[in-house]
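Colleague: I am new to this structure and would be grateful for a close look at a single part of it. Please begin with what is needed to read the overall layout, and then turn to one residue in its setting.

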Amino acid sequence: MNQLLYPGLYCPFPSQINKHVDVLEEYALEWVTRFNLLANESSYRRFCKSKFFFLAASAYPNCQLEELKIANDWLSWVFIWDDQCDLSNLGKEPNVLKDFHKRFLEILNGAELTSKDIPLAYALSDLRKRILQIGSQEWFHYFVDRYEGYFDGCVQEAINRAQEITPDIESYMLIRRLSLGGYLCLALMEFCNHLTIPDFLRNHEVMKELKVMTINILAWCNDIFSVHREMSSGDVHNLVLLIHYQQKLSLETSIIAASKIHDQEVYHLKEFELFIPSFGEELDTELAKYISGIHSWISANLTWYYHSGRYQTIERLELTQ
């Protein structure tokens with residue numbers, strides 16, 4: 001990559017790595033291979049270069065091995081599905097996408113598998129089973145609700161592609177917060193770290209604002225590093241590209257502008273944290289762990305881009321059968 005185009009993004013949070021990272025690296029291919037999620041040699045190479053295990057171990061540095069394996073496999077699932085939505089013709093077929101998402105949600109809610117289900121459906125059923133062996137039904141219901149939002153975001157992007165709509169930045173970010181899967185990442189953080197976050201706190205404006213700022217930071221970081229891939233594939237769902245096209249700035253200037261937006265949001269998050277009210281000793285302890293988890297995700301996300309080869313090649317995909 002041209003390093004001139006990738007100015008250092010601001011991240012005041014320390015990098016951490018889970019003590020099970022070496023075990024996870026050895027394990028990483030086992031699950032996706034068992035469920036036949038890598039359809040060919042090209043998919044295999046792309047998966048290995050992506051190093052999702054490193055992202056999982058950095059984003060969830062304090063969780064136990066079984067929870068970490070689930071987080072790793074879930075990230076693998078989401079990224080593989082994300083590739084299908086972004087880099088294949090499926091990304092321009094919102095009605096077909098809706099059918100897949102309807103079936104995925106049925107499986108998450110306990111539907112039996114059939115011979116018509118694709119490998120990703122079998123893998124999702126396995127994740128459901130393993131998560132429910134550790135997590136509560138109440139939390140899992142909350143997690144599935146976040147999944148529905150993620151799917152909605154993917155469909156909205158597909159509608160834009162099919163109709164050749166270039167959204168304005170505000171409209172884009174509403175979709176992006178969903179399609180990124182950020183709410184899923186933060187929900188999974190509760191599971192991995194065994195946090196007890198009551199609905200009262202989840203629905204409080206403080207938590208809502210923390211989530212929005214965090215997901216903005218994750219999304220804008222992703223957009224900066226993935227801009228060449230999305231430009232090459234003709235996708236406009238990227239903050240850098242929207243600045244580039246709508247403000248008629250050079251690509252390099254647009255990347256710098258997006259980097260400043262990213263950095264400002266990190267500063268806003270730090271400042272916001274200074275004025276969070278007390279919710280009582282017990283909830284304050286859980287919220288402090290939640291905020292620590294947010295910091296881990298922001299740091300892990302940025303560090304991962306420098307270790308991963310995911311965004312250094314452009315390939316068109318066919319839907320995994």
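Modeller: Helices here are DSSP runs of H or I with at least four residues, strands are runs of E with at least two, and both are numbered from the N terminus. On that basis, the model, which is a predicted one, reads along its sequence as α-α-α-α-α-α-α-α-α-α-α-α-α-α. Along the principal axes, the C-alpha atoms fill a box of roughly 50 × 50 × 35 Å. Among contacts with a separation of 6 or more, 75% join residues 24 or more positions apart. Of the 321 residues, 56% count as buried.

Is R130 buried or exposed? Its relative accessible area is 15%, and buried means under 20%, so R130 is buried. Leaving aside residues up to four places away in sequence, R130 touches Y27, W31, K69, I70 and D73. With D73, the side chain of R130 also makes a polar contact, side chain to side chain, at 3.0 Å.

For the charges of the whole chain, the mean positions of the 29 positive and 43 negative ones are 4 Å apart. The accessible surface comes to about 14300 Å², and 51% of this belongs to carbon and sulfur atoms.

Terms used. Residues numbered from 1 in each chain as written. Predicted model: local features only at pLDDT ≥ 70, side-chain atom pairs only at ≥ 80, totals over all residues. Heavy atoms only, no water. Buried < 20%, exposed > 50% of the residue type's maximum accessible area, 1.4 Å probe, protein only. Contact = heavy atoms within 4.5 Å. Areas by Shrake-Rupley, 256 points an atom, 1.4 Å probe, with all protein chains shown as cover. Lys, Arg positive; Asp, Glu negative; His and termini not counted. Charge placed at Lys NZ, Arg CZ, Asp CG, Glu CD. Polar contact = N/O pair within 3.5 Å; in protein donor to acceptor, adjacent residues only side chain to side chain.
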